[in-house]
Amino acid sequence: MESVTLITFLAGLVLGALGCFLIMNKAKAQSNIEQQLRELQEEFTAYRENVNTHFNSTAEMVNTLTQNYLAVQKHLETAADSFAEPPKSFKLDTPNKLPRKKTEFISLEAKPKESLPEEADAEFNAEDTVQAPRDYAPKSNTADKGTLSEDYGLHDSQAKTTP
């Protein structure tokens with residue numbers, strides 16, 4: 001009876017150890033998966049911050065570029081105004097002899113839309129319209145054969161020699 005009890009105890013001990021080993025392996029594998037998930041989340045967060053930093057610096061650079069462009073444009077406008085004026089030592093008989101034209105520059109700044117003079121619509125039946133290009137050579141004489149005829153460009157001597 002003691003041997004049956006001892007064998008039962010040892011079998012229970014072996015089965016318990018085997019069950020504990022299997023449960024620990026499963027927990028260890030789950031722990032590895034959780035660790036990989038945490039690492040991937042940290043990597044994704046770092047990547048997202050990197051992308052945000054990149055786009056913020058790009059936006060700042062574009063804003064700086066736009067401001068520099070506007071500064072250059074204003075500089076050119078003032079230079080054009082100053083160079084268009086006649087020198088002070090230059091005497092005119094009448095003050096309105098040289099008209100002062102201000103060159104208009106294209107600007108990125110928002111300006112009110114000026115009314116443009118309306119242009120007449122194109123007339124398609126006008127006499128001075130341009131003809132569309134032709135894909136054939138015009139005939140010089142109405143009796144001539146066209147370029148699409150089978151014997152175009154062949155002379156009588158060539159027509160007789162060809163079988």
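A nonpolar surface patch of about 420 Å² is formed by L6, F9, L10 and L13. Patches comprise residues with over 30% relative accessible area and no salt bridge, nonpolar side chains (Val, Leu, Ile, Met, Phe, Trp, Tyr) being joined within 5 Å and like charges within 9 Å.

The model is predicted, and local features require pLDDT of at least 70, side-chain atom pairs count only at pLDDT 80 or more, and totals for chains, interfaces and linings use all residues. Residues are numbered from 1 along each chain as its sequence is written, and side-chain values use heavy atoms, with hydrogens and water left out.

The protein chain contains 2 helices and 0 strands, assigned as DSSP runs numbered from the N terminus (helices, H or I, at least four residues; strands, E, at least two). Of its 163 residues, 1% count as buried, a class defined by under 20% relative accessible area, with exposed set at over 50% and partly exposed in between (1.4 Å probe, protein chains only). The accessible surface of the chain amounts to about 16500 Å², 59% of which belongs to carbon and sulfur atoms; areas were computed by the Shrake-Rupley method with a 1.4 Å probe, and for residues only the protein chains shown count as cover.

The structure holds 1 salt bridge, defined as a side-chain nitrogen of Lys or Arg within 4 Å of a carboxyl oxygen of Asp or Glu. This salt bridge pairs R38 with E34, with the closest N and O atoms 3.9 Å apart. Both residues belong to helix α1 (residues 2-84), where R38 and E34 are 4 residues apart, about one turn of the helix. R38 counts as partly exposed because its relative accessibility is 41%, and E34 is likewise partly exposed, at 39%.
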